[in-house]
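Visitor: I would like to learn how to read a model of this kind, feature by feature. Could we go through it together?

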Amino acid sequence: MSKTNTEDYLRMYTQMVRIRAFEDNANQLYLSAKMPGLTHMYSGQEAVAVGICEALTPEDKITSTHRGHGHCVAKGANFREMFCELLGKEEGYCRGKGGSMHIADQGNGNLGANAIVGGSMGIATGAAMSAKMQKNGRVAVCFFGDGATAQGLWYEVMNMAALWGLPVIYACENNGYSEYTKTEEIAAGSITARAEAFGIESFEVDGQDVLAVNQLTQKLVERCRKGEGPFFMNLKTYRYHGHHVGDINRDYYRAKDEEAEWKTTRDPITNFGKWLESEKIVTTDELVEINEKIRKEAEDAVAYALDAKYPDVSEVDMHVYAA
Amino acid sequence: MREITLSKAVNEAIAEEMRRDPTVFLLGEDVAEAGTPFKVLSGLVEEFGTERVIDTPISEPGFVGLAVGAAMTGTRPIVDLMFGDFIFLVMDQLCNQAAKTHYMSGGKLNVPMVLRTNMGATRRSAAQHSQSLHALVAHIPGLKVAMPSSAYEAKGLMKTAIRDNNPVVIFEDKLMYQDKAPVPEEEYLIPFGVANIKREGTDITLIATSSMVQVAEKAAEILEKEGISAEVIDPRTIVPLDEETLLKSVRKTSRAIVIDEGHQSYGITGEIASRLTEKAFYHLDAPVMRMGAMDVPVPFSPALEDVTVPTPEGVAANARKLCGGELIHAA
């Protein structure tokens, strides 16, 4: 194993653990009634965000979703500003004005989460359009769930992206559920075939396998930069929690056995950790150390955010219009 | 001074800004070779090429969404929405995305885009190609809304809109595209939020937008013959609104009619009338009156369509009543 690969692998592992740690703490903040509002947990889907974002530069753009903490962390965000945003504090990425569903971190190329399902498909495609016009070689990745494939906007923007050869990758995080409904009950035909119908080269990939996701994304990003985009990825994955943190009793649409099976046999972090050990890239102790360090980092950030101050009420009508 | 059509004024404004700033581009249905159904953009593709004058599929939410993303990442798109009625199709991209991005991101992301579209009935185009829907977008914080009333305003407001760092919606009256007005050869911009006093008067203030400015001016001419002196004011942008100029006029004249081609109910006539009443109550000698389009879908038949929008005679009749004190007793 080369050193470079080792560093990449450890960073991918670390970033996945950071997402899980962030979500575990966010969930606790909700359960202990310390967080205003609701939030949508990304846990279980970490290999998708990390595998993709590790193939991007900070200048490349992503658009995120209501289930977006994973994308935000994977694109390079800090825990402190993220927890501050979740708690509506002044030091949050959006000065507390966006919250969980609208975190944007433009410094790292995250154009923002979106609370309208599929609402960012135009934005991502537009970012790719401007990249092509400005000839800056940037790529845009549009994250969305399988539920969002029912939105008409996707078909409109795929048509234009394909017509104009835009450097955009449509990444469908197919966790099998559209909010509280199995997607197979509301989706006719094949989602992948829908993208192919526009002449968009499409790929199906195991969204629990961070290396598979990363290797595919690296190739597609490279090809996008050469003007060969757009592309579509259908990433099979699983969300461990309900639609949002308050969706606890969900037997009526999803069996506990199914959840247990994904968690025990297909967890992206556990499985990648085992692989790292089996390849002698890290030892068990080193993995424990990484996990411990991140647990501490997250707890410190939560404590910091809980103590941080709210924005002054005078900020309420600030930022309605740009100067 | 030379006179040019409103259509030519818009075309010049866009061309000048595209020459000045390479990040400005146009997209929409039939904007390139066709130059739009109203031929407003004719000639631009020849100068700027298809990379900057982009024909899109008939996918309004899609191309408005693209403009939002392009605006967030270093360019200044001008979106052409062929008819104002199609604004209903793009509401999510315009009102949930473009309008809120700057605020939701705590001021980190900007959306410097222009959505130019049209308004105006009496073109015999029936209910889905005749609406004046500016009040819908004026209701949403984060959007600016401009309503040019002549070629002069159309050019100056468009240039300001393109340079603004916010999403701006411009409503051009499609019946005025061939109307000529004096427009200077040299460059000028019209700042947003500055109303224009078109005609000074002392007895009543007629506040009018877009093509209703002409209606108000004609009404003022009728009234003048009867010894009633009407002041006509064009707000030019309804967001931001130059409240001060309107208030100052009403404090002087003590009477006002607000005239606009949007439906009267829940429209901008009510909003402006309410502000005047709240802030100039003790200066008023009569209730502030609203004159919007009738609250009916725009009918096709000329016999029906023409009665749905305010006319000079109708405005003059109401002004007469207000100045004669009739409505005070009626109310």
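Visitor: At roughly what angle do the axes of helix 3 and helix 4 of chain B cross?

Guide: Keep in mind that this is a predicted model. A pair of helices is read from the approach of the axes and from the angle between their directions. Here, the axes of helix 3 (residues 60–72) and helix 4 (residues 91–104) of chain B come within 10 Å and cross at roughly 5 degrees. Angles under 35 degrees count as roughly parallel, and therefore helix 3 of chain B is described as roughly parallel to helix 4 of chain B.

Visitor: Which residues in helix 3 of chain B meet residues in helix 4 of chain B?

Guide: From helix 3 of chain B come Pro61(B), Val64(B), Gly65(B), Val68(B) and Met72(B), and they meet Gln93(B), Leu94(B), Gln97(B), Ala98(B) and Thr101(B) of helix 4 of chain B.

Visitor: In what order do the 5 strands of the open sheet in chain B stand?

Guide: A sheet is read through its pairs of strands. In chain B the order is 9-11-10-13-14, and the pairing is mixed. Strand 9 (196–199) and strand 14 (289–293) of chain B each have a single partner strand and stand at the edges, so one side of each is left without a neighbour in the sheet. Neighbouring strands of this sheet are turned by 25 degrees against each other on average, if direction is ignored.

Visitor: How many bridges join strand 9 of chain B to strand 11 of chain B, and what packs on the sheet?

Guide: Strand 9 and strand 11 (residues 230–234) of chain B run antiparallel and are joined by 3 bridges, with Val232(B) in strand 11 as the bridge partner of Arg199(B). Helix 7 (residues 212–225) of chain B packs on the sheet, where it touches strands 9, 10, 11 and 13 of chain B, and its direction makes about 170 degrees with that of strand 11.

Visitor: In chain A, is strand 2 mostly covered or mostly uncovered, and which strands pair with it?

Guide: Strand 2 (residues 140–145) of chain A is mostly covered, with 5 of its 6 residues buried. Strand 1 (residues 61–63) of chain A runs parallel to strand 2 of chain A and is joined to it by 3 bridges, and Lys61(A) stands opposite Ala140(A). Strand 3 (residues 168–174) of chain A also pairs with strand 2 in the parallel sense, over 6 bridges, and Ile169(A) is the bridge partner of Val141(A). Between strand 2 and strand 3 of chain A the chain passes through helix 6 (residues 152–164), and this β-α-β crossover is right-handed.

Conventions: Residues are numbered from 1 along each chain as its sequence is written. Chains are lettered from A and ligands numbered from 1 in the order in which they are written. This is a predicted model: local features need pLDDT of at least 70, side-chain atom pairs count only at pLDDT 80 or more; totals for chains, interfaces and linings use all residues. Side-chain values use heavy atoms; hydrogens and water are left out. Buried means under 20% relative accessible area, exposed over 50%, partly exposed in between (1.4 Å probe, protein chains only). Helices (H or I, at least four residues) and strands (E, at least two) are DSSP runs, numbered from the N terminus. Two strands pair if DSSP finds at least two bridges between them. A crossover is right-handed if, with the strands pointing away from the viewer, the path from the first strand over the helix to the second runs clockwise. Axes are lines fitted to C-alpha atoms, for helices over the stretch in contact, and angles run from 0 to 180 degrees between N-to-C directions. Angles under 35 degrees count as roughly parallel, over 145 as roughly antiparallel, 65 to 115 as roughly perpendicular and the rest as oblique. Contact means heavy atoms within 4.5 Å.
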